[in-house]
Amino acid sequence: MTKTITIAHGNGGEENNELIKKVFYKHFKNDILEKSEDAAVIEDGKLAFTTDSFTVSPLFFPGGDIGKLAVCGTCNDLAMMGAKPKYMTCSVIIEEGFSTRDLERIVKSMKKELDINGAIVVSGDTKVVPRGSVDKLFINTTGIGEIEHKGISASNLRDGMSVFVSRDVGTHGATIFAAREGIELESTLQTDCASLYPQVKKLIDSGIKIVAMRDATRGGVSAVLNEWAKSSDVCIEVEEESIPVQEEVRGICEMLGFEAIDLANEGTFVLCVAKEDEAKAFEVLQQTHTTARLIASVSEQYKGRVILNSSWGTKRFLDLPTGELLPRIC
Amino acid sequence: MQKLELKNLYDDFRDGKTIQAYARIIAQDAKKLDKPINIMEVCGGHTHTIMKFGLPQLLPTNVNFIHGPGCPVCIMPKERIDHAYVLSQQENVILVTLGDMIKVPGSNGSLQDARAKGADVRFVYSPMECIKIAEENPDKKIIFFAIGFETTTPMTAVLVEQTIQQKIPNLLFHINHVTVPEVMVELIDSRDVHVDSYNNQIDAFLGPSHVSVIAGSKIYDTFPKDYGRPVVVTGFEPVDAMQGISMIVKQFVEKRCELEVQYKRVVNHDGNVKAQKLIETYFEKMSLFRWRGLGNVPDSGLKLRNSFAHLDAEKVYKSVLPIAEIEDHKLCICGDILRGMAKPQECTIFGTACKPTTPIGSCMVSSEGACAAYYKYGNLI
């Protein structure tokens with residue numbers, strides 16, 4: 001570990017994992033935590049339990065705001081364990097001088113998203129800190145959900161299984177980057193920020209056995225695939241051409257030197273099912289987003305690794321994104 | 001006229017069938033080579049393309065790449081990174097630079113570390129953003145730490161011009177611009193005592209297209225003529241790179257030694273004359289620029305002309321900037337890699353002590369550095 005924490009330690013990639021393992025897991029160590037799933041499964045598999053803190057600049061962005069993000073993020077972590085989001089807490093740290101009107105706008109957008117999930121906020125906390133102590137507003141939400149589909153786990157992948165993405169990837173990351181100060185890119189892009197429970201419910205109702213499911217937030221689809229390959233000790237072989245990316249996202253990636261597959265999403269998940277459920281899963285995913293695609297299959301070629309196959313017959317490893325995302329120089 | 005979309009600029013240049021077709025042409029032609037050839041791609045952008053798209057997997061064993069020194073972040077000596085670090089620590093200073101530069105470790109740490117300790121360090125995509133930052137922070141000095149080859153120099157020149165025309169009082173420059181042809185000459189024909197022992201292996205050069213968009217293909221005239229090395233100015237998409245490689249192989253098969261342009265859709269012999277004039281107006285050559293891993297290379301760096309000394313942070317902050325040259329880590333072989341003498345895997349600390357998360361050598365820092373590209377795309381396969 002480096003002596004001080006840098007931005008890179010919060011990137012959802014390699015440095016982030018190092019920080020979690022070497023500082024938090026070291027002291028908090030227990031069986032449930034070490035499963036390192038999106039949400040902890042407790043009470044004999046009946047409940048899913050998770051927490052997430054939100055900080056984003058700008059607070060309002062095309063297609064969403066920090067409030068929507070704060071509800072989606074936590075509810076999606078529950079949904080990814082096959083759970084129906086039920087009860088939430090909401091804790092805010094507000095910088096002195098913050099506009100009350102903006103705060104209410106954010107809380108309203110939280111309420112709207114809670115309704116989509118059928119969840120309620122049952123406890124909360126507010127702190128106001130002197131100017132400069134936080135960047136405008138930080139929100140923490142914690143959620144409890146009731147598990148409707150048991151046995152979803154990052155360590156369940158086996159040879160021959162199929163991997164999908166639920167829609168085109170990288171939209172949230174590209175939207176936020178384009179809206180950031182210092183970049184000045186004009187675009188009509190909107191974040192993919194959305195609650196995933198309704199889509200998960202459809203999958204559960206269709207009778208498919210969900211092997212693994214994870215929303216591709218920080219670190220993008222790359223991070224999810226790498227975590228799965230490691231947890232299940234399998235190789236995930238991705239067909240590069242089949243990864244769905246919106247033209248505008250691709251354009252931003254080309255200009256700034258990013259890969260869409262490394263960018264954060266807030267309403268996009270990766271799904272693994274057995275080969276026999278492949279057709280059904282595709283059909284159900286397509287009902288919500290026509291850009292959903294089968295992108296990879298599980299093999300044993302290079303255990304613990306993710307491979308990208310190009311359409312011209314070359315292959316390369318896809319690693320966890322590292323470092324802070326920085327635009328290329330020339 | 002049909003609207004040109006962004007995807008038109010790259011879609012066809014990544015077509016799998018076209019890439020495979022070039023692979024077949026190269027394989028056919030390479031059978032006629034009397035000896036293996038080593039092509040140096042000068043630019044880190046090409047290294048990135050070659051590794052990202054797995055091009056070596058498509059080439060016959062007698063066509064090899066030597067990864068050159070063309071990554072502006074990789075060649076920055078530690079003492080200049082220390083300059084940036086020290087400047088960022090000055091009171092009421094905002095240090096602005098481009099992308100990856102904030103990750104390179106100097107002797108006190110990187111700009112990222114400086115930022116974590118409270119310094120105001122910002123990265124921009126376009127240097128013109130500095131004007132906005134200067135306007136928004138009238139009580140602070142904004143120092144633009146300028147880096148890059150011919151490609152990014154005109155942007156800095158425009159910023160200098162605007163600073164003068166708009167009379168912006170609080171924007172200064174620390175110039176670290178370098179030029180491509182001088183370092184290519186250095187690699188072939190070293191006068192440096194340290195390099196005399198080096199038996200250079202470079203048979204031909206793949207020239208970066210974006211450099212020639214500005215500087216023209218004329219900057220390479222001398223290489224086929226005076227040094228017996230063919231140069232093909234080549235674009236950055238995989239189809240471009242494969243076509244450029246095939247043009248080089250053809251030259252060897254047909255016993256030609258010429259300057260050719262693959263990237264004809266933009267590059268001409270003279271380049272962007274307006275941009276060149278702008279550079280000429282504000283910058284002049286430094287007699288020596290010290291390249292990380294390569295040492296002093298004559299005439300390869302630029303500095304602000306003396307008449308603009310009041311904008312030059314190196315002069316304004318002279319009293320606080322360290323001057324001693326700092327050598328690289330003993331085990332790091334970035335110098336040999338930049339010279340094309342060694343591949344990243346030959347380094348004993350590659351992928352172990354030196355990784356993108358904890359870079360020791362400069363080639364591991366930027367995504368365009370040879371080591372980072374090997375680590376990210378090339379390890380194990």
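Domain bounds here come from an automatic or database domain assignment. The model shown in every view is predicted.

**View 1. Chain B divides into three assigned stretches of domain.** The assignment gives domain 1 (6-72 + 181-261), domain 2 (78-179 + 271-320) and domain 3 (334-378) of chain B. Between the centres of domain 1 and domain 3 of chain B lie 20 Å, taken over C-alpha atoms.

**View 2. Domain 1 of chain B meets domain 3 of chain B.** Here 16 residues of domain 1 are in contact with 14 residues of domain 3. On the domain 1 side, the elements giving two or more residues are α2 (44-52) and β2 (63-70) of chain B. α2(B) supplies the largest share of that side, six residues. By class, the domain 1 side has eight nonpolar, seven polar and one charged residues.

**View 3. The fold of chain B.** Chain B comprises 14 helices and eleven strands. Its radius of gyration is 21 Å, close to the 21 Å that the globule rule gives for 381 residues, so chain B is as compact as a globular protein of that length. The C-alpha trace of chain B spans about 65 × 55 × 40 Å along its principal axes. Of the 381 residues in chain B, 53% are buried. Among contacts in chain B with a separation of 6 or more, 76% join residues 24 or more positions apart.

**View 4. Chain B against chain A.** The contact draws 40 residues from chain B and 32 residues from chain A. On the chain B side, two or more residues come from each of α1 (16-30), α4 (111-116), β4 (120-124), β5 (141-148) and α14 (370-378). That side of chain B has 18 nonpolar, 14 polar and eight charged residues.

**View 5. An open sheet in chain A.** Five strands of chain A form the sheet, in the order β1-β2-β7-β5-β6, with mixed pairing. At the edges stand β1 (40-42) and β6 (120-129) of chain A; each has a single partner strand, so one side of each is left without a neighbour in the sheet. From one strand to the next, the twist averages 20°.

**View 6. β5 and β7 of chain A, side by side in the pairing.** Strands of a sheet pair through backbone hydrogen bonds, either parallel or antiparallel. Strand β5 (residues 83-95) of chain A pairs with strand β7 (residues 137-147) of chain A in the antiparallel sense, over eleven bridges. In this pairing view, A:Ala83 stands opposite A:Ile147 in β7(A).

Terms used
Residues numbered from 1 in each chain as written. Chains lettered and ligands numbered in written order. Predicted model: local features only at pLDDT ≥ 70, side-chain atom pairs only at ≥ 80, totals over all residues. Contact = placed C-beta atoms within 7 Å. Helix = DSSP H or I, 4+ residues; strand = E, 2+ residues; numbered from the N terminus. Nonpolar A, V, L, I, M, F, W, Y, C, P; charged D, E, K, R; others polar. Rg over C-alpha atoms; globule rule 2.2 N^0.38 Å. Buried ≥ 20, exposed ≤ 12 C-beta atoms within 10 Å, placed from the backbone. Pairing = 2+ DSSP bridges. Axes fitted to C-alpha atoms, helices over the stretch in contact; angles between N-to-C directions.
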